[in-house]
Each structure stands twice: as structure tokens, then as C-alpha cells.
Amino acid sequence: MSFLNIEEVRSEHVVSRAPEVLPADAVLPQWLESREGVVSVATRAVGGRAVTEVRRDDGSVTLRDPDSGMLLSPLPAASARAIARRAWTGPPTTVATTRLIEDAVGTEFRGPFPAWQITYGDEDNTRVYIDASSGSVLAARSDT
């Protein structure tokens with residue numbers, strides 16, 4: 001039991017962790033329609049493909065084609081399965097099911113949403129959760 005607020009003990013009440021918005025003169029891709037609230041633009045690999053990730057100060061993330069700027073997110077099921085296959089490091093298995101989820105899955109996964117739940121065909125019924133907006137692997141769970 002504590003008599004003090006834990007945020008105050010950790011000095012969280014006097015430190016901001018809000019991302020800084022890029023300056024108005026930052027060099028950004030020509031295809032970016034709105035510069036408002038952009039905190040980062042980065043090129044990275046998702047499912048074996050180069051994409052440009054745009055993050056905004058409201059926490060939103062979108063993936064775009066680096067050349068055309070075409071919106072790639074939310075990712076389709078096929079892309080989520082490809083990401084899951086690349087992430088798997090266990091013994092040979094298959095992807096058994098793919099399900100888009102938009103609400104918490106009990107205590108197993110609480111977001112962000114929407115996310116893809118990919119279930120492998122292994123004996124532990126391993127599941128990974130992939131952010132449909134960013135393509136990031138968010139969590140891995142199993143029946144073990």
C-alpha cells in the first residue's frame with residue numbers, strides 16, 4: 001500500500017512524453033497531403049516490402065507506398081499473414097486462421113485496434129497480433 005501517487009513518485013507529473021511535431025520547413029514527401037501533426041516519416045520494411053510510415057501526434061499511423069504515396073493501411077489479411085510467416089521462428093508450421101479484431105480479446109490482447117490475430121497451426125495454438133495500421137507485431141500468445 002502506498003500513500004503517495006505513483007506518478008508523482010516517478011515525477012511523471014512534471015515531464016511530457018508527447019511527440020514533437022515536425023517543423024513547418026521539414027523536408028517531406030511531395031505526395032503527403034497534410035503536414036498537420038506529423039511527428040515522423042520513415043521508410044521501413046513491412047512483410048518484405050519497403051513502405052513509408054507516417055506517424056502523427058494523435059497517435060495514428062499510416063503506411064504508404066514510398067514512390068506514389070498510395071495508402072497501404074489498414075493492411076489486408078494477405079499482408080498480415082505474410083508478416084506472421086516472416087515473424088515465425090519456431091518449427092515448421094502453417095497459418096491456421098486470420099481474424100481482424102476490433103475489441104479486446106479477454107486479457108490476452110487489449111489493442112491497439114484494428115489488429116490482425118494470426119493463429120499458427122502449431123501444437124501450442126500460437127497467436128500473434130499485428131497492428132493493421134503499422135504492420136508491427138504487437139504481441140504473441142499461446143495455449144502453453
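# Strands and rings in a predicted model

Four strands form an open sheet in the order E4-E5-E6-E7, with antiparallel pairing. The model is predicted.

Me: What makes E4 and E7 the edges of this sheet?
Reply: E4 and strand E7 (137-141) each have a single partner strand. One side of each is therefore left without a neighbour in the sheet. Neighbouring strands here are turned by 20° against each other on average, direction ignored.

Me: How do you know that E6 and E7 pair?
Reply: Pairing needs at least two bridges. Strand E6 (residues 127-131) and E7 have four, in the antiparallel sense. Arg-127 stands opposite Arg-141 in E7.

Me: Where does H2 lie?
Reply: H2 lies across E4, E5, E6 and E7. H2 runs at about 50° to E5.

Me: How do you know that E1 and E2 pair?
Reply: The cut-off is at least two bridges. Strand E1 (residues 38-46) and strand E2 (residues 49-56) have eight, and the sense is antiparallel. Thr-43 has Thr-52 in E2 as its bridge partner. The two strands form a hairpin with two residues between them. In that turn, Gly-47 has a positive phi of about 60°.

Me: Which residue in E3 is the bridge partner of Thr-52?
Reply: That partner is Arg-64. E2 and strand E3 (residues 61-64) pair in the antiparallel sense over four bridges. Their hairpin has four residues between the strands, and Gly-59 takes a positive phi near 90°.

Now the rings.

Me: Why is the pair of Trp-88 and Tyr-120 called tilted?
Reply: Ring centres must lie within 6.5 Å to pair. Here the centres are 4.3 Å apart. The planes stand at 40°. Stacked needs under 30 degrees and edge-to-face needs over 60, so the rest are tilted. The pair is therefore tilted.

Me: What does this pair tie together?
Reply: Trp-88 lies in the loop between helix H2 (77-87) and strand E4 (95-101), and Tyr-120 lies in strand E5 (residues 115-120). So the pair ties together parts that are 32 residues apart in sequence.

Me: Why is the pair of Phe-109 and Phe-113 called edge-to-face?
Reply: The planes are at 85°, and the centres are 5.7 Å apart. The cut-off for edge-to-face is over 60 degrees, so this pair is edge-to-face. Ring pairs link Phe-109, Phe-113 and Tyr-129 into a cluster.

Me: Are Phe-109 and Phe-113 buried or partly exposed?
Reply: Buried means under 20% relative accessible area. Phe-109 has 4%, so Phe-109 is buried. Phe-113 has 32%, so Phe-113 is partly exposed.

Technical notes: Residues are numbered from 1 along each chain as its sequence is written. This is a predicted model: local features need pLDDT of at least 70, side-chain atom pairs count only at pLDDT 80 or more; totals for chains, interfaces and linings use all residues. Side-chain values use heavy atoms; hydrogens and water are left out. Rings of Phe, Tyr and Trp (its six-membered ring) pair if their centres lie within 6.5 Å; planes under 30 degrees apart count as stacked, over 60 as edge-to-face and the rest as tilted. Buried means under 20% relative accessible area, exposed over 50%, partly exposed in between (1.4 Å probe, protein chains only). Axes are lines fitted to C-alpha atoms, for helices over the stretch in contact, and angles run from 0 to 180 degrees between N-to-C directions. Contact means heavy atoms within 4.5 Å.
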